[in-house]
Amino acid sequence: MADCIFCKIAAGEIPSNKAYEDDKVLAFYDLDPQAPTHILVIPKEHIKSAAEIDETNSALIAHVFEVAAKLAKELGLDNGFRVVTNCGESAGQSVHHIHFHLLGGRDFTWPPG
């Protein structure tokens, strides 16, 4: 998608501080971290939100979670971590390209706040 900032980051048109990259997924450090570790994990394929996950792209989303688990291990998040996605504007989704926040390095409460 030509006007999607995450598509541009995935294509290398906009620089990012990469934590991981393969042919399907890019993970990069969030510019406004909400925890000591805050990495965005995105599929390179444009999927608008979690509402668009289906049988054609669910394997890609599973790979996103594999990458998140790998990063959590590599970064020593042994005491736990959180993976969050927002779906829709009322849920806080500001970029309409599915992305997952990998958060760790501090204690979290529920509900989040």
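Colleague: Is F100 buried or exposed in this predicted model?
Modeller: The model is predicted, and the relative accessible area computed for F100 is 5%. The limit for buried is under 20%. F100 is therefore buried.

Colleague: Which class of aromatic pair do F65 and F100 form?
Modeller: A pair of aromatic rings is described by the distance of the centres and the angle of the planes. For F65 and F100 the centres are 5.1 Å apart and the planes stand at 65°. Planes over 60 degrees apart count as edge-to-face. The pair is therefore edge-to-face.

Colleague: How many residues apart are F65 and F100, and which elements hold them?
Modeller: F65 sits in helix α2 (residues 58-74), with a relative accessibility of 41% that makes F65 partly exposed. F100 belongs to strand β5. The pair thus links distant parts of the chain, at a separation of 35 residues.

Colleague: What angle do the ring planes of F6 and F28 make?
Modeller: The structure holds two aromatic pairs. In the pair of F6 and F28 the ring centres are 5.7 Å apart. This pair is edge-to-face because its planes are at 75°.

Colleague: Where in the chain do F6 and F28 lie, and are they buried or exposed?
Modeller: F6 is in helix α1 (residues 5-10) and F28 in strand β2 (residues 25-29), 22 residues apart. The relative accessible area is 6% for F6 and 5% for F28. With a limit of under 20%, F6 and F28 are both buried.

Colleague: Which element gives the largest share of the lining of the second largest pocket?
Modeller: This pocket has a volume of about 280 Å³. Its lining counts 18 residues, and F6, I9, F28, L31 and L40 are those nearest its centre. At least two lining residues come from each of α1 and β2. The largest share, three residues, is supplied by α1.

Colleague: Why is strand β3 described as largely enclosed by the rest of the structure?
Modeller: In a regular strand the side chains alternate between the two faces of the sheet. From β3, T37, I39, V41 and P43 point one way, while H38, L40 and I42 point the other way, and all are buried. The strand spans residues 37-43 and is largely enclosed because the buried residues number seven of the seven.

Colleague: Which strands pair with β3 through five bridges, and in what direction do they run?
Modeller: Five bridges join β3 to β2, where L26 stands opposite I42. Five bridges also join β3 to β5, and there T37 has G104 as its bridge partner. The strands are β2 and β5, and each pairing with β3 is antiparallel.

Colleague: With which side chain does the side chain of H101 make a polar contact?
Modeller: H101 lies in strand β5 (residues 100-104) and is buried at 14% relative accessibility. Beyond four places in sequence, H101 touches D30, H38, I39, L40, R82, V83, V84 and N86. The polar contact, at 2.8 Å, is with the side chain of H38.

Colleague: Which residues does H63 contact, leaving aside neighbours within four places in sequence?
Modeller: H63 is in helix α2. Its relative accessible area is 17%, so H63 is buried. The contacts of H63 are D22, K24 and V25.

Definitions and conventions: Residues are numbered from 1 along each chain as its sequence is written. This is a predicted model: local features need pLDDT of at least 70, side-chain atom pairs count only at pLDDT 80 or more; totals for chains, interfaces and linings use all residues. Side-chain values use heavy atoms; hydrogens and water are left out. Helices (H or I, at least four residues) and strands (E, at least two) are DSSP runs, numbered from the N terminus. Buried means under 20% relative accessible area, exposed over 50%, partly exposed in between (1.4 Å probe, protein chains only). A polar contact is a pair of N or O atoms within 3.5 Å; within protein, one must be able to donate a hydrogen and the other to accept it, and residues adjacent in sequence count only if both atoms are side-chain atoms. Contact means heavy atoms within 4.5 Å. Rings of Phe, Tyr and Trp (its six-membered ring) pair if their centres lie within 6.5 Å; planes under 30 degrees apart count as stacked, over 60 as edge-to-face and the rest as tilted. Two strands pair if DSSP finds at least two bridges between them. On a 1 Å grid over the protein atoms alone, a cavity is a set of points where a 1.4 Å probe fits but cannot get out, and a pocket is an open set with protein on both sides within 12 Å along at least five of seven lines; lining residues have an atom within 4 Å of a point. Grid points are joined across faces, edges and corners, and a volume is the space filled by probe spheres set on the points.
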